[in-house]
Amino acid sequence: MPVLTISSARKAFGKVLALDGASFELHQGELLALLGPNGAGKTTLIRAITGRVRLDGGEVRVFDRVVHGGQTPRELGIVPQEVAIYPLMTARENLRAFGSLHGLTGQQLTDQVEWALRRTGLTDRSAEPIKQFSGGMRRRLNIACGILHRPRIVLLDEPTVGVDPQSRDHIYDVLGELRADGISLLLTTHHLEEAEARCSRTVIIDHGKVIASGTLAELVDRTVGRHRLVTLRTDAPLAQGALPATIEIDQVDPRVLRARLSDVALELPELLSRLHGAGRAVEDVDVRGPSLQAVFIHLTGRELRE
Amino acid sequence: MRTLLRIGWVNLRRDRVGQALTFLLPIIFFSIFASVFGGQGESRTPSIRVAIVDEDRSELSRRMIAALQKEAGLRVRLTGDDDPAPTSVPLDRSAGERLVREGTVPVTVVIPAGLGAAFGQTGFGGGPALTVFADPSDPIAPNMISGLLQKATMTAAPDLMMEGGIKQFESHAGTLTPEQRAAVDAWLPRLKPGGAGGSNGVAPSMGVTVNVVDVMRSDDRRGSLVSFYAAGVGVMFLLFSMVGAAGGVLLEEVESGTLERLLCTNLGMSGILLGKWLFMVTVGIAQLTVMFLWGDLVFGLPLFSHLPGFFVMTIVTAAAGAALALALATLAKSRAQLSGFSTILILTMSALGGSMFPRFLMTETMQKVGLLTFNAWALDGYLKVFWRNAPLWQLWPQVTVLLALTAAFLAGARLFARRWEAA
């Protein structure tokens, strides 16, 4: 059973249609990437899930209970895109403040604060004012404040924006541990490689509608196909007629050739043999599988949105 | 250089707050101070409220009262309830003194019994002295009244003064001849007010004696004066610090995203606003207390002898100031807008409300306009506590208005804050 269900969500702000019938589900223990160009409706959708936007049509269900506008379900933990913490307070003081506001008291509050500090690797720095924290540490504390009350679903709005690769890895390690605890995670990001590598499933939204959803393999099959893009560089240019029309010669550097191969093991040796026969030495070969980036561009186009 | 000028011009043209602070604020202040000091086309001297106790009930006292009533710069009252109807009870000495002590009028003139008779006998200013009960918080009114009393005496009763003079002359130099008597009798009616002749050239020594009495009988005038300025400056800076705090606790939270996070917890918007307001009220009370304590320690402000009244006024003032700041912060779209708008509003209210220049020295119109401001009610309350030593119950008008303002500002803040709730 899904822990979160969005059904035909519609929302307009004046003449701007932010959500136009978006629907998808989040399952137990899943890390779901919600992708889309700027202005696609991701933030409105996240705010609708938290009850901060009243839908004009459709509904949001959390554990099969309808979310009403103005009421945030207690099962939800929210990690906003902004580092929403008090900079003059220490990490521990921030966590105790947000814990209290979530209804935690006494020993339970103390235990949860320690748990969140441990989970995000901030125990040693918990007594320092936030203004001394690096960007990565602030992001981790931002997450700690969102998971403090042990929510069963965590919504993360671009949790890794502006942090270095080490901090990013650490943040995904934390998210992995939460998944292992059975917590379901919905994440928005513009880092498609991250979504590809870390998320179990992807939902792509554009113009307020869900235009694709599934695992990477499913999305690839439905969009760009499973071809591999092979790029070769030879020691000297080749004449256009010397190769089949399916092989593209780079306009800028005619020594660079590109081919889309559906069976690399079978077709690549044949291509190399043909180049060798034409008297060209191959200096470099790059084989790339279909990426989420390719799927995303295929679905949403290359035009700028803003 | 041209590029820099162009950048500066474009930025100023698009910065509405900057334009308001540069051009609008000086005009507002110029207009306020021109109105306060220039009288807005009224008499250059502000109209002074004066109560008159007529213990003499003589021809002279009636004429003096009539002369004072004709003065454009005075508003004369003869009864306790400001009712000009002839059925009202005339003021007696103690009621007149009470009117000054309560701040209803800045001066009360007592025309003592026997003045008219003595005047008729001597004509040269002898007889009992007039008493002027004065509130020293208004240093202008007693001096002005003393001068006007001399003028009223001179212009109201030159014939009586002449009669007295002739009697004095006769007692020392012998009775006038029938011809001299006939000439005096023919001339005296011309000296009456409205008579054919004038009264120019009367010697200044022929006036009445005036005793000014400080009814506040303050043991520590300097300390009381310091308390007035402590309240004036304190209330103005309370507003500035409250607006700064409201911007900090609310708009900064909007910008940083913590408000969104708070709204996703058990707190509703009403709970958040109430919590912010309570915090700001506490800070405001602490701020005013520290300021008055400093006044007590360094300038001899009599804080500890007025503690109950001080705390009543401080609590309601801080409550209303914090609520006003919260309403402004929820109305503003950004911290820059809040800062610009509130600077104009606070300085304007402070100028009109008496934080910069005492309201009782303003024209009557400006005093009434001042009552539209938050500062005026707060300062009136502090004035009652520290200057008039008023009992707590007498603070009810100020407390009621400030509490009503608090409720109105909080309701406004709640209404404006709806924009941050679920869309």
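Trainee: Which residues in α13(B) are buried?

Mentor: The model is a predicted one, and within it the buried residues of α13(B) are Leu338(B), Gly340(B), Ser342(B), Ile346(B), Met349(B), Ser350(B), Ala351(B), Leu352(B) and Gly353(B). Each of them is called buried because 20 or more other C-beta atoms lie within 10 Å of its own.

Trainee: How do you know that the span of helix α13 of chain B agrees with its number of residues?

Mentor: The helix covers residues 335-353, and its 19 residues should span 27 Å at 1.5 Å a residue. The end C-alpha atoms of α13(B) are 25 Å apart, and therefore the two values are taken to agree. After the helix comes Gly354(B), which has a positive phi near 100°.

Trainee: How do you know on which side of α5(A) its buried residues lie?

Mentor: The buried residues in α5(A) are Ile171(A), Leu175(A) and Leu178(A). Because they cover an arc of only 55° around the axis, they are on the same side of α5(A). An α-helix has 3.6 residues a turn, so residues three or four places apart point the same way. The face turned away from that buried side carries the exposed residues Pro165(A), Gln166(A), Gly176(A), Glu177(A) and Ala180(A).

Trainee: What do the buried residues of α5(A) pack against, and how far does the helix reach?

Mentor: The buried residues pack against β3 (31-35), α4 (135-147), β7 (153-157) and β8 (184-188) of chain A. Helix α5 itself, residues 165-180, has 16 residues and reaches 22 Å from its first C-alpha to its last, close to the 22 Å expected at 1.5 Å a residue. Just after α5(A), Gly182(A) takes a positive phi of about 90°.

Trainee: What makes a group of residues a nonpolar core, and which members touch the most others in the largest one?

Mentor: A set is called a nonpolar core because its members are buried nonpolar residues joined through C-beta atoms within 7 Å. In the largest, of 133 residues, Ala246(B), Ala323(B), Ala325(B) and Leu326(B) touch the most other members. Apart from it lies another core of 31 residues, among them Val105(B), Leu115(B), Val132(B) and Ile145(B). Leaving aside neighbours within four places in sequence, the contacts of Leu326(B) include Ala246(B), Trp277(B) and Phe409(B).

Trainee: How many residues of chain B are in contact with chain A, and which helix gives the most to that side?

Mentor: In chain B, 14 residues are in contact with 17 residues of chain A. Helix α10 (residues 258-263) of chain B gives the most to this side, with five residues. The side of chain B that touches chain A divides into six nonpolar, five polar and three charged residues.

Trainee: Which domains does the assignment give for chain A, and how far apart are their centres?

Mentor: Chain A is assigned domain 1 (4-222) and domain 2 (228-289), and the C-alpha centres of these two domains of chain A lie 44 Å apart. Chain B is assigned domain 1 (48-214) and domain 2 (221-420), and the contact between them takes eight residues from domain 1 of chain B and five from domain 2 of chain B.

Definitions and conventions: Residues numbered from 1 in each chain as written. Chains lettered and ligands numbered in written order. Predicted model: local features only at pLDDT ≥ 70, side-chain atom pairs only at ≥ 80, totals over all residues. Contact = placed C-beta atoms within 7 Å. Helix = DSSP H or I, 4+ residues; strand = E, 2+ residues; numbered from the N terminus. Nonpolar A, V, L, I, M, F, W, Y, C, P; charged D, E, K, R; others polar. Expected span 1.5 Å × (residues − 1). Buried ≥ 20, exposed ≤ 12 C-beta atoms within 10 Å, placed from the backbone. Arc of directions from axis to C-beta. Domains from an automatic or database assignment.
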